[in-house]
Amino acid sequence: MISSVTLEYNDSFKDLGLLVNSNFNNVYKLEELTDSIYDFIFGYFINNQLVGFIHVNKLYETMDVVNIVINPDYRNKGIATSLLNYSINYFDDINSVMLEVNENNVAAISLYKKSNFIVINKRNNYYGSDAALIMKRDV
């Protein structure tokens, strides 16, 4: 089941976030994100357990994917695709979705390409020595 992540799941949100960024808990505060009119956190729940989430930012007609995180025990089960599609369909007034991804994150790039994203730019040395691919999908 997919629904908005509430403060009740703050500990799970933090734990999942640490899987993608060791500084996650200093950068992303669920209490601030849930109060924002621009940020949306949608979670994938199994038996009332948060097993993955997507954090998106919406400004005017563009949605930016900030993070998609799935518990390793639940990967390759279509959860990330479901969260991405849910987020895109949640808004009826967006015309594009943007994101950046580490050029070496093969699994994420595969997900995005499967979801009709295309690479529109590259930022060299964005993640240390790794480049960031800027990807876009028109809606």
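## Aromatic pairs and a cluster

Rings of Phe, Tyr and Trp, the last by its six-membered ring, are taken as a pair if their centres lie within 6.5 Å. In this predicted model, Phe40, Phe42, Tyr86, Tyr90 and Phe91 form one aromatic cluster, and the count by this rule comes to 14 aromatic pairs.

One of the pairs is that of Phe13 and Phe53, which is tilted, with 4.7 Å from centre to centre and 40° between the planes. Because Phe13 lies in helix H1 (residues 10-17) and Phe53 in strand E3, this pair ties together parts that are 40 residues apart in sequence. Phe13 and Phe53 are both buried.

## The pair of Phe40 and Tyr90

The ring centres of Phe40 and Tyr90 are 6.0 Å apart and their planes meet at 55°, so this pair is tilted. Phe40 belongs to strand E2 (residues 39-46) and Tyr90 to helix H4 (residues 79-90), so the contact ties together parts that are 50 residues apart in sequence. Tyr90 counts as partly exposed, because its relative accessibility is 43% and the class runs between 20% and 50%.

## Nonpolar surface patch

Ile37, Tyr38, Leu59 and Tyr60 make a nonpolar surface patch of about 480 Å². Of these residues, Leu59 is found in strand E3 (residues 49-59), and with a relative accessible area of 41% Leu59 is partly exposed.

## A charge over a ring

The charged end of Arg123 sits over the ring of Tyr126, at 5.7 Å from the centre of that ring.

Notes:
Residues numbered from 1 in each chain as written. Predicted model: local features only at pLDDT ≥ 70, side-chain atom pairs only at ≥ 80, totals over all residues. Heavy atoms only, no water. Patch = residues over 30% accessible without salt bridge, like charges linked within 9 Å, V, L, I, M, F, W, Y side chains within 5 Å. Areas by Shrake-Rupley, 256 points an atom, 1.4 Å probe, with all protein chains shown as cover. Salt bridge = Lys/Arg side-chain N within 4 Å of Asp/Glu carboxyl O. Helix = DSSP H or I, 4+ residues; strand = E, 2+ residues; numbered from the N terminus. Buried < 20%, exposed > 50% of the residue type's maximum accessible area, 1.4 Å probe, protein only. Phe/Tyr/Trp six-rings, centres within 6.5 Å; stacked < 30°, edge-to-face > 60°. Lys NZ or Arg CZ within 6 Å of the ring centre and 35° of its normal.
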